[in-house]
Amino acid sequence: MSGPFRLDEGGRIDRERPVAFRFDGRDLQGLAGDTLASALLANGVHQVATGIRYGRPRGILSAGPEEPNALVQIEKPFPEPMLTATTVELADGLEAVGLPGQGRLSPDPDPARYDAVHAHCDVLVVGAGPAGLSAALAAARGGARVVVADADTEFGGGLLGSGEMLDHAPAMEWVERARAELARRTEVRLLPRTTVTGHYDANYLVAVENRGDDAFTRQRTWHIRAHEVVLATGAHERPLVFADNDRPGTMLAGAARTYLHRYAVLPGRRAVVFTTDDGAYTAALDLCGAGVEIAAVVDARPEPPPFWAKRCAEQGIPVRAGHAVVGTSGEEHVTGASIAAFDPDTGALGPEEHHDCDLLLVSGGWNPAVHLYSQARGPLAYDEAAGAFLPSGSVPGVHPAGAAAGLRTTAQCLSSGAVAGVQAASRLGLEASAAPRPETDPHPVPKGRPLWLVPDPEAGAPGRQFVDLARDATVADIDKAVGAGLTSVEHIKRFTTIGTGHDQGRTSGTVSSGIIAGLLGADLSEVGTTTFRAPYSPVSFAALAGRERGELYDPVRVTAMHDWHVERGAPFENVGQWKRPWYYPRPGEDMEAAVLRECRAVRTGVGMQDVSTLGKIDVQGPDAAAFLDLVYTNMMSTLKLGRIRYGLMCTADGMVFDDGTVMRTGENRYLATTTSGGAAGVLEHLEDWLQTEWPHLRVHLTSVTEQWATIALAGPRSREVLERACTGIDLDNADFPFMSWRHGTIAGRRARVCRISFSGELAFEVNVPWWHGRQVWEALYAAGEPFGITPYGTETMHVLRAEKGFPIVGQDTDGTVTPQDLGMGWAVSKKKADFIGSRSFSRPDNTRTDRKQLVGLIPAAGEGVLPEGTQIVGTRVLPEPPVPMLGHVTSSYRSATLGTPFALALVKGGRDRIGQTVYGHVGDRLVPVEITDPVFYDKEGARRDG
Amino acid sequence: MMLIPCPWCGPRNETEFHYGGQADVACPGDPHAVSDAEWAGFLFFRDNPKGVFTERWMHRSGCRRWFTVRRDTATNEIHDAGAHEDEERTVTV
Amino acid sequence: MAPRTPGADLPDHPDRLWRSADPESSYDVVIVGGGGHGLATAYYLAVNHGITNIAVLERGWLAGGNMARNTTIIRSNYLWDESAGLYEHALKLWEGLEDELDYPLLFSQRGVLNLAHSLQEVRDGVRRVGANRLNGIDAEWLDTEQVAEACPILNTSPDLRYPVLGATWQPRAGIAKHDHVAWGFARALDLLGVDLVEGCEVTGFERVGDRVIGVETTRGPIRAGRVALAAAGHTSVLADTLGLRLPLQSHPLQALVSELLEPVHPTVVMSNAVHVYVSQAHKGELVLGAGIDSYNSYGQRGAFHTIERELAAAVELFPMFSRAHVVRTWAGVVDVTPDASAIMGPTPFEGLYVNCGWGTGGFKATPGVGWCFAHTIANGEPHPLNAPFGLERFTTGALIDEHGAAGVAH
C-alpha cells in the first residue's frame, strides 16, 4: 500500500515496485516513479516544512522545480541541503526531513563522483514537452544533429501530468513514439534528467545531468555549443496572493492535475478552486472526475468562461464568479476557505462565507519560463493579455517555442515547436518540414486576467498575504518598502528579499512586480522584473567542480627522474605546476640537517640536482640574434657558437621579469632557459613582441622544456665524476671553459654538457633527451658514488646561490625591482640602441637614489635565521606606528660555509648603507643586522674552475 | 564562453586564448626620443570603450598566433576577426 | 517545540529611506555615480565640509552597480604604506559607521584569512604581516595548525594539490551587508538635504576651456561648481567624452551565492593560488568570489568557466561544500589599473575630480574613499592619504603595485 490517497489505477508509477522511505522520522512507502512530494501526498502528508521567518507550516505548492515551499534536507543516502520535495526522485532508503528555509552541510566526505562532458550540436532543444519534441522531430528529420535536454525523469513535459489525448489516444503514447523515433536517429542525443541551467555567449549552454546516487558519476555537467537553440522550457503557474495563502493544502491547480494524472494521487478529498484563469477549470473537472468533491470554483473575474462554466454545471460543480478567496483556516493543513464577492477593479469585498475543504487550488495565470531567453540577452516585454513577461524581439539562433513563448494550448505548442525546429534547421541550410500535427482535445484557448492581490478583509492584520513563500515575504513588506521611499523593483526586492530564495522567485517574481506597480500607481511594464540569472535551478558545487579536485585540481608536472626522487624519500616543493625535490633527508635528519649536509657536499665534494624544470625555448631563424638583443637587457648577438651567456629580461616598464642563460647552438639557433615557474609567461611575452612589434624578424620560438632532461653536477669534484661518465669531451678548463658547451656521450646517450654554475662551484649541466633522463641521472650518480655524490634539492640550491648573491626572480624581486636595484647594471647593455625595458630606466621614479637595492644581511652574533619576509627598520627602538620601513628580507638561510645565518634583502639606498646596522622586526623584537655586500662567498669567483 | 574565430584554426572556445587588450598600439619607434608622458601612454594607457573594440587575442592552446578581433564590449558580439584572409598561413620559414 | 525560524533574527530596515529627487539646474557639487563611493563622498562633503548643495546622479537605481554585486569583504591588510593608510582609515571608519549612520550594517569583524599555498606565498605573507604591524594594522601570521583552528572546515591536509602552508590573519577584518551600507548613507543624505537623483545618466560635460562647469544628462543639463566622478567601471566612457585618458580597463568580476545554510564558516577565507574567496553571510548563504575575467567587458556577465574554476577551488579548500548549491551567479564591471591601485585626485580639467580604478577593492574602501575624496573636492587638492594615488604616478613610475610577487622561484 503506497498511501490512502493513491488511486487504484492510472499514473506513471510502477505499482510493482514499492519504495520504502523515511520522512521527518516516519517510515512511509511510495512507488517507483514517485517524487518525494507525490509519495508524501499519497500518504496524506501535506506539511513538509516551516517558513523561514514566521515558522508557519508549509506544504507542497507545485509539482516541479518552481516549488517555493516544500524544502527538504536529504539525510540518506548522503546529506544534501535544500532540495525541493517536488523534484527529489523517490528511492529505496531515502531519508529526508523538512527544513525551515536553511539547509545543513555534511562534515563527511562526499563519496560521489562528478564529471564534465562537452558536446557540439546543430540544434539544442531545451525541454521535451509537446513543443520541444515537435521541434526536435522537425530538425532531426531535416538532418540536423540534435540534442534534447529535459530536466524530468521522463520526456513529455506538461503532457506527463495533463491526462489529455493526442490523436485520440493518451498523449503519452505520442510522446513515446516521438522519443523512440529520436532515439533511433544516430545524430540525436537524448538527455533526460538534464537541466539546462545557463545560456551564455554564442549559444554556449550549460546543463547538469542527474544520473542518480548509484551511477558511476552522480552528476555530469554538460557544456554544449549549439548552432541553434530551441527554448521549449514551458511555463510556471502563478499562485494568488490573499490572506493566509500559505497553509499546507494550498496548491497550484496544474500541480494537482499532475499529481492526479502522473502519480495517481489525490491531493485532497474536497477542494476549493480559486482562479483568475480558465486553465484551473480543467483541474477542477479532472479532480471531480477522479472523485474529489469540488466545493466551488471561485473565479475572481466577473464573468466565468462560458465553455468551462457549462462543463462545471454538467458535473454539478458550483462556479462563483466575481468572488475571491479572502482567507483560510487550519494550521498544519487547510480546513476551509472564506470567500467573498470581489470587485477586481476597486478591490471591494462582500461578506465572507466559509467553505470546508482540505485542498485549496489556486491559479493566477502562467509565467513563461523565459530564464534562458533572458540570459541569452533576449528582451522581455510585459504582455497585457497574457499578464506575463514574454520573449520579445529576437536573438539570432535562439527560438522560443510553446508555453515558453506564451502559448497556452497543446495544439499551439505542437505547432510552434515544429515551426521552431524548421526555422532552426533552415538557418543551418537544411530543408526541414513539420510533420502533420497530431489532433488535440478541442478546447478553446484559455484566457486569464491578472490579479495581483486580494485585499485582506482584516485591515491592519499582521502580514499574512504571502508573496514570496520561500522568503516569507508579504504584501506588508512590499508596502513598507514602498513607504520607505523605494520605487525600483530591484530595491524593493532587496528590501523584502523577494526573489532571492533557492527558487529565485519563480512563483513570486511577476506577482511582486504587479503588487509594486499597484502600490506605486505605475504600469507593470515600467516596473519590470528583476534580472534572470544563471543557474536556472540550483546546481551543486561538486557538479560544477567536476573532476578538477585533488590531484586533478591542477595538472602535476614531474620530471623524467621524479620516481628516483620519490624512492629517495624527498619531500617536494610545488614550483608552478612542477613537483621539485626540496631536499633528501637521510634517516633521522630534519630539513635543516639535510640542507647543511647537502650544501657541504657541493662546497667540498660533489652534488647533483635535477634542474629539468627550467624553461627552455628554442630560438631559431636568421634574425634570432637581433631578436635576443631586443628582449634581453644584455648583448646576445656577440655570443659565439658553443658559448653561453647569462641573460636578464625586463618588461617594458623596466622591471625584472625573468632570467636564465642563452646558449648558441647553431649559426641561427639559440637555446634560452627561463625560471621554472616563468617559462610559459616568458614564451608568451616573447611571442607577443615578436609577432606584433617585430613581425619582420625571421624568428621562430618553440618550447622544448619537456624535450630536455637537465642534470646539474656541482662541486669541486664534479669534473672527476664527469670524467668517469662522459666520453667525447675534453673536460679541462682550457678546452672546455666556463660558460661554454660541448657534445659528449653519457651512458651511451648523446648529451649536451654545459659549464654553468649557479652555486659558484665548478659545475656542469648535462642535457639529454627527456626519455633518457633517468638512465643518465643514474649513470652520473653511479659515477659519483666514489666521490660521495650527494643529490640535493631546491633548498640547497637556494642557499648556495644566495651565498653567491645570485638573486632569484620572483623571490628577491617582486615586479617592482630593476636590474640596477639588483646591482646588475653590468647585465644592462650600454651599447644597444634599445631593448625591452630600456626606456623605462630613465623615468623619474627609476632614477631615485633611495630605491630599494639588493644587499646582504648578517644578523648580530647569537641571532638565528631571520624569517623570510621580515621587515627592516632603521631604529633600535620602535616608534609609534606608522613606522618607516627600509625594506624586507627576501631570502634567508643558515650557512654551513659562512658559519652564520645570512640573508638577502631589498633595502632603501642599501648599497650606501653597507656596514651599517639596521634592525629586523621579528615578532615583537628588533634584531640587529649588519648590511653587507650581497656576495658572501668567493667574491673573486676563484672556485668556478675547480 | 565566447566563441573566438582564430583566423588560422577556426572558431574555438575562449578558454583556448590569451587576451591582449587593445590592438594596434605600436611601441614608439625610438622610445628614447619620446617624453616620459608619451612613454607612460604606451606603457599604461589603453582605450576602454563600451561598444566595438578592436582587440588582440592569442591562440594559446592552438597555433599561438596573435590576431585581431572586433568585439562589442557591451554584448560580447564578435563583428569580425582580423583581415588575415590574404595573409600567409604557414608558420615555417 | 516551536519550529526554528532562522530568518527571524535579522534587523528590519527603517520606515523611511530616501526619496528619489528630480534634479535642480545647478549644484555646488555634482557627483556622478550613486554607488557606495558616490554616496559616501556626498556624506563626508556634507558632514566634514559643510557642503550640502549636492546632487548624486545615478543612471540606474541607487547603489545598483558594483555596490550591489560585491562580496562585501572588508580588510585593510595591504602591503604598501600608501594602500595600508587608505584602507586602514576606511576600516577605522567602518568600526564607527553603524553608530554614525544609525543603521544596522551587519558589520561583522569575523577576521580574514589570506592563505599561502607555496613557499613564496609564505614569504609574501610574512612580509605583508610585518608591514601591517609596523603600520599599526592588526595582522598575524598563522601556521597551518592555527589556520585550522581559525577555520576548522578548511582542508588543511598536506594532501591538497596546493597545501595550506599558513595564512595571514586580520582579526578586525570581516564583512558587512552592502545594501544596508548604501541605504544607510542614502538615508543620511536624504536627511541632510542632498539630492539623490536616480534614472539620470550623465552623457557629457559642460566646459569652458579646460574648466568643467556642469554635466549633460538624460534629464537635462546640470551646472556644478565641481564635478566628481565615482562611476567605477563606466568611468572611461565618461572620461572619453572629455578626451581625458585614464589608465583603466573594465573587466567582468563574477560572484555567486548558495542557498541558506546553517552556520559552518566562521570567518572569511581568501586564496590566490587556489583562487576563491568565501564567507558565509548573515542569513546563511555562502558568498563566493572569483578572479576577474581576462577581457574587457561592460556586459555585467562573465564566462562560465571562471565560475567552474572558482567552485573547483571552493570544493578543494572546503570539501564540505560539495553538495551546497549555486543559487545565483552575477557579475559586476570593475575598472582595473595597471598597478591594481586606485586613482583618486584632481584631473587636468579644473573643477573635475576623479575616483576610479578600485578594481576588486572598492567596497572595503567605501568610507575611506568618501572621506578622502570629499576632502579632495572641498579643498581642490588631495588628502594626504590619497595624494599618492594621483594620475601622475603612471608617468613618473611611482606605482603602488599591489599585484605583489607573482613570480615563482627556481
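This is a predicted model: local features need pLDDT of at least 70, side-chain atom pairs count only at pLDDT 80 or more; totals for chains, interfaces and linings use all residues.
Strands here are DSSP runs of E with at least two residues, helices are runs of H or I with at least four residues, and both are numbered from the N terminus. Two strands pair if DSSP finds at least two bridges between them.

Strand β1 (residues 14–23) of chain A runs antiparallel to β2(A), and 7 bridges join the two. One of the residues to look for is Val19(A), whose bridge partner in β2(A) is Gly30(A).

Next comes a pair of helices. Two packed helices are described by the angle between their axes and the distance between the axes. In chain A, the axes of helix α9 (residues 475–483) and helix α11 (residues 509–520) come within 10 Å and cross at roughly 45°. Axes are lines fitted to C-alpha atoms, for helices over the stretch in contact, and angles between N-to-C directions run from 0 to 180 degrees. The two helices α9(A) and α11(A) are therefore oblique to each other (under 35 degrees counts as roughly parallel, over 145 as roughly antiparallel, 65 to 115 as roughly perpendicular, and the rest as oblique). From α9(A), the contact (heavy atoms within 4.5 Å) involves Val475(A), Ile478(A), Asp479(A) and Val482(A), while α11(A) contributes Ser512(A), Ile515(A), Ile516(A), Leu519(A) and Leu520(A).

Finally, the whole chains can be viewed. Chain C contains 9 helices and 18 strands. With a radius of gyration of 21 Å, close to the 22 Å that the globule rule gives for 410 residues, chain C is as compact as a globular protein of that length. This radius is taken over C-alpha atoms, and the rule is 2.2 Å times the number of residues to the power 0.38. Chain A has 20 helices and 51 strands. Its radius of gyration is 38 Å, whereas a compact globule of 946 residues would have one near 30 Å.

Residues are numbered from 1 along each chain as its sequence is written, and chains are lettered from A in the order in which they are written. Local features need pLDDT of at least 70, and side-chain values use heavy atoms, leaving out hydrogens and water.
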